Amino acid sequence: MPVLEARALVKTYLSRGAPVRALDGVDLAVERGEFVAIMGPSGCGKSTLLNLLAGFDRPSAGEVWLGGQRIDGLSEAKLARLRRRRIGFVFQFFNLLPALSVAENVELPLLLAGQRRRAARRGAIGLLNELGVADRRDAGPALLSGGQQQRVALARAMANSPDIVLADEPTGNLDSAAARGVLDLLGEARRRGQTLLMVTHDARAAAAADRVIRLRDGRIVADGRLEPARTVPDLLDLGGDQ
Ligand code: ADP
C-alpha cells in the first residue's frame, strides 16, 4: 500500500476573481521508503501539490491518502495531529519561529511529542551538528543567512524522525558544500526507511532521488524511477526548467 497518494487531485485558486487551475488531475502513489523529486517550471503546481499532500490546504477535487487513511476531509485539529506524528515539512521560506533560538526551534517538535527537555536538546544539537550549524544554536533565526536558516528548518523537520518528509526546495539557497550536507542527511533518512518528497530545481538534488516526477501546467508529464548513472543528463534534456 502506498504511504502517500494523490488521486485525481485538482486545485483551483481564485486570483482576482479569475480561476487559476494550479493542479489539473494529479495521480501519484508514493511507496514507503521512496525518495521522490518533483521538478518542473515555476508556477507548474509543485508547491501546491506538496501543500495538499501535507494537508495544509484542501483540494478543489480529488483525494489525498496518507498510510491508508483519506485525509483531505479531516478537521484542522486532526490534520495538525497527524502532521505532528507523521510528517516533517521544510517550507520554502523556512517559517522558523523568530522569538525562539535556533536550538529551541529544532527542539520544539520533540517537546511537543513528549520528549524531556534534556533529550530534546541533545537531539536538536546532534542534528544541527550534522548540518554544520550547531555553532549558531543560541542565535535568533533572523541573524542567520538564508542557507543557515534553511538547514535549521530541515533539522526541525527531521527532529521527530517522521515517516514522511516533504521539502520545498531544500537546497535552493545553498552553496554546494551545504547542499551536499542536506542531501547526505536526506539520504540517511531514506536509508532509515523514511519516505521523502522534495520539490527541486536542482539537478544535483534530483540525482540523489530514486524517482523523478515532472509537472507541467498542473499535470504529471513524466514519472520515472531512475538508474542514477545515465538519467541525470536525460532529465536535463527534458529541460525547460525556470
Ligand atoms: P510552483 O511551486 O511550481 O512554482 P505553485 O504551486 O506555487 O507552483 O503555483 C501554481 C499556480 O497556482 C501558479 O499559477 C500560481 O500563480 C498559482 N497560485 C499558487 N498559490 C496561489 C494562491 N494562493 N492564490 C492564487 N493563485 C495561486
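How many bridges join strand S1 to S2? In this predicted model, in which residues are numbered from 1 along each chain as its sequence is written, local features need pLDDT of at least 70, side-chain atom pairs count only at pLDDT 80 or more, and totals for chains, interfaces and linings use all residues. Side-chain values use heavy atoms, with hydrogens and water left out.

Ten bridges join S1 (residues 4–15) to S2, and the two strands run antiparallel. Here strands (E, at least two residues) and helices (H or I, at least four residues) are DSSP runs numbered from the N terminus, and two strands pair if DSSP finds at least two bridges between them. Within this pairing, Glu5 stands opposite Ala29 in S2. The four strands form an open sheet in the order S2-S1-S4-S5, with antiparallel pairing. Strands S2 (18–30) and S5 (69–70) each have a single partner strand, so one side of each is left without a neighbour in the sheet.

Turning to the helices, H1 (residues 46–53) lies across S1, S2 and S4 (61–66), running at about 120° to S1. Such angles run from 0 to 180 degrees between N-to-C directions, with axes fitted as lines to C-alpha atoms, for helices over the stretch in contact; contact means heavy atoms within 4.5 Å.

Helices H3 (residues 102–112) and H4 (residues 117–130) pack at about 125°, their axes 8 Å apart. That makes H3 oblique to H4, as angles under 35 degrees count as roughly parallel, over 145 as roughly antiparallel, 65 to 115 as roughly perpendicular and the rest as oblique. Among the residues that meet here are Leu110 and Leu111 in H3 and Leu127 and Leu128 in H4.
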